[in-house]
Amino acid sequence: MNRKNLSRWLLIFAPLLAVAYLLWPTYRFYQLDAERSSLASDSAALEAWDVQNAEDYQTARLKRIKLGLDLRGGMYVTLEVDVLKLIEESADKLSIDDDFMAVLEETRKETDNTDKNVLDVFLEKFRAKAATNNMSLLQYFTVSNQLDPTEEAIEEKLRKDVDEAIDQALQVISQRINKYDVSEANIQKQGARRILLELPDVKDENEIRSLLQTTARLEFHRVTMGRPMIETFYAIDALLRGDVLEEPAEDTTAVADTATVAAADSTVADTAKADTAKADTTNPYAGLSDDEALRRIKKDYPFTYMISGVFAPNAQASFQAFDFTLKKAADFPETGVYRFVVGEKFVSRFLAIMDRPDVQRLMPVDLKILVGAKPERQQGADAEAGFFDIYGVAADPELTGDVVTEAFPSFDPQNNQPVVIMDMNSEGAERWASITAANINKQIAIVLDGRVYSAPNVQGKIPDGRSQITGMGNTEEANLLAVVLKAGALKAPVKIIEERVVGPSLGEDSIRRGITSSILSFALVILFMLVYYMMGGGLADIALMMNVLLVVAGLAGFGGTLTLPGIAGIILATAMAVDANILIFERIREEMAMGKPLRSAVEQGYAKAWSAILDSNITNMLSGIVLIFLGTGPVKGFAVTLIIGVLMTLFTAVVLTRAMFEIMISSGATSINLGQKKTASA
Amino acid sequence: MDLIKKTNIDFVSNRNRFFTISFGLIVAGLLAVVFTFNSSSDLGIDFTGGTQVTIKFEKASVSTDEVRTSLTSMGYAGAELKSFGNDGEYLIRVGATGKATEVSQEIVASLQEAFPADEVTLLGADNVEVKISNELAYQSALALAVALVVMLLYIAFRFQELVYGLGAIVALLHDVLLAFIVSVLFNKTGLLNLEININAIAAYLTIIGYSINDKVVVFDRIRENREKHKGMGLADLINLSINETLSRTIITGVSVLGALLVLVFFGGDVLEGFAFTMFAGIVIGTYSSIWIASSFVIWYTDRVKHKRIGTVHTSPAK
């Protein structure tokens, strides 16, 4: 084999390697998914499987080809900020009168089916009416912390509220959807006022709808971390084990407290327990293999094995990690600083258990157990594995968020650290003063929809309703907290303007028939090419198969989603690849018919077919680019696969088949059967 | 195999006859479409707005009339009701109400209540407010128009004459209009669900893509022959080029049509309508590649630019 042929073989096999690399996760995912769903009925086996394969499964899942909702079933929702409702809600309730409502109604009529800016139309209508009825925005709206606002100030505030409403709604909705544990939910902002949601595998559409449309609830709770929490955790263990006894059973709990490990922040990581258990001689799980120990720990501590805890006797002392499996509730000091975390991979299971009615019944009346809204991540090696803080809070809120009038991110003038400033109305300020006075040096949790966003320490009594919340790591965190606090001040009303549900049964059946028929029709083309162009057709077939593989792999590589219009794009690209080969072969046949030798016939054939192939592919590529920029979702899906397809077609139909021809020619072939008349090839 | 021998057929002399046929078909077809148009069955929910619910009675024990009666008692007397696919499957459509999400829920719940002996499964639901559907229609039209203009410019640039761009676009419009007419009229047979929705738009885009490819191939031959046979009249040049590319035009067309036919018959709910529209479009596109696109170039050069185009000289095929 000469050097030239070597590079030609490379040209053929390198893309195959790329295809294998890009499609491997997809193959692996479906393999793992099949394994996983075969265990679905056996929760213990499933858990064991998850521990073994969770990482692999997640990686494969992220890199696999995603199917659009039209192919796999699910729910697609477009939400829009209801600006009218927002205007109505931010107006002073007592001053709303018939004139005001009439303006709102006129605005609704004019903007209902158009894309006009609702606030602009409202202001215009309001001014028109104000001119005759002697009205002013000042009658209906107030601006917090501004005693003497102008109309302009109110207008500016309304604009700001409308602009911010979308972020607020986005935050509230993402949190709820995450809590609902919809796998692979896609939530994104579209333009300035819309949110798109794609939710595969939705079980209950009604639940999602109410989830999206109920307004957020912001509460301030006193934090009470301590032994009652640990008692509750053990009680949940007992419940899950099936024990109804008061005392946790089994001798393992009676083992003395010897298992503390030197504290470092890293001991919080959820692997700490297994290591601890192995190292300790008084450990009932000592001497067992890691897998076996883990299996037994999970059986004995079905709830607490998910939790890691640290303790310090007072705020100044350093934290010590402790092991739930080696203690019983009474071993834990009553006073001191506790901190509990649950690993990211366990958090949905943790929350699901907490939501169970039988677990709820176990809870002490004055205690609520909540989880942080965002995972924390450690620096360093295990940065991928985040964990959530677990908070014990007083069951009744100290204050609800509707007293918050304004919240915004800012900077502390002294140290330039990001902070959040929060204002309350006079009623709230009064109660806030007494709450803060009673809880100095204690934590107050800021809870939105049942998740803790921040639990700042109270540093002193706050008399005037203006609080400064510090301790934010960066401005991003400060922005988030401000958004959350504002959700208490202003409900961001959203309405569903588009909703599509594809039932899983329809999706499944469609995709099966779609795939079978596509394979069949592809096979038909392959066969046709082989019969019509013989050897040449065989080469083209190899290129065609490669073409389809490359398009699909390309889609996986770009993280694209395969939808029905996307399949249309692939069909078009494949048709163009077939056509490119036909163009080339017809040209080679023409050249051969003129009596040219194989080598120059092939050369001429490719050279003459090239301009037509190039122009038609570029034309389609240009239209694909236009569609990507101007088209809506489904049309974009078509355009993406078309563009990938066109690029791959140029490669496979022209470069790849040429390389195959050249290899044959340089290996001494003097004629290639292209299905032409025998006389012509002589 | 070599099905299509070297040909020498006069494709362009009768161009006026084919223009007339095509024009007549488009006019008659559009009239037929306009007079029989039923926006609620021909246009998909994507473009009308409203609510569309697809349900299945698991035991298929409920008749169409019973479902209709039940819908009327719910206050949806004007609802469109279609039964399609398997027994017991119904598609129900009502106009936009401004309360998109409540309607589909209500329909499913009320039907379950009305027919407790059977089990109602929701196969799919679409709730689209008019606002969204207007935007979708506008955006699709805009994207299509810009894409066509870009193609026109590119072809005019590559073939050095505006007339080629025009010819391609006229032929594309011809293909899309006829494919549209065929699919709207065929939709009325109820054999396939061919309503114009966002997926159908993807089918029309595919027709455009295929068809432009076809036209470019013929134009490319004209460009090549223009250099090779200097002094040949335009009509002869074009006729020669169509003949030379004929075998490729037909072979490619046949192989793609064969593949689409499989999808029409076995593609299932999702692909069949889609494939049907493409099938019709590609048949039409192949016809227009031979008889319309290049003939338009001759016609335009002759009538609009008043240039000599010559007459076609054909000799018997070898």
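Colleague: How many bridges join E6(A) to strand E8 of chain A?

Modeller: Keep in mind that this is a predicted model. E8 covers residues 337-343 of chain A, and the two strands run antiparallel. One pairing to look up is A:Phe311, whose bridge partner in E8(A) is A:Tyr338. As for the bridges between E6(A) and E8(A), there are six.

Colleague: And which residue of E7(A) does A:Gly309 stand opposite?

Modeller: E6(A) also pairs with strand E7, residues 320-322 of chain A. That pairing is antiparallel too, with three bridges. Within E7(A), the residue opposite A:Gly309 is A:Phe322.

Colleague: Is E6(A) mostly covered or mostly open, and how many of its residues are buried?

Modeller: Buried here means 20 or more other C-beta atoms within 10 Å of the residue's own. E6(A) spans residues 307-312 and comes out mostly covered. Of its six residues, the buried ones number five.

Colleague: Over to the chain contact: which element gives the largest share of the side of chain B that touches chain A?

Modeller: In total, 62 residues of chain B are in contact with 63 of chain A. Elements giving two or more residues to chain B's side include H5(B), E4(B) and H6(B). The largest share is 17 residues, and it comes from H6(B).

Colleague: Which residue in E4(B) stands opposite A:Glu498?

Modeller: Strand E17 of chain A, residues 494-502, pairs with E4(B) across the two chains. The sense is antiparallel, over five bridges. Opposite A:Glu498 you'll find B:Val128.

Conventions
Residues are numbered from 1 along each chain as its sequence is written. Chains are lettered from A and ligands numbered from 1 in the order in which they are written. This is a predicted model: local features need pLDDT of at least 70, side-chain atom pairs count only at pLDDT 80 or more; totals for chains, interfaces and linings use all residues. A residue is buried if 20 or more other C-beta atoms lie within 10 Å of its own, exposed if 12 or fewer, and partly exposed in between; C-beta atoms are placed from the backbone. Helices (H or I, at least four residues) and strands (E, at least two) are DSSP runs, numbered from the N terminus. Two strands pair if DSSP finds at least two bridges between them. Two residues are in contact if their C-beta atoms, placed from the backbone, lie within 7 Å.
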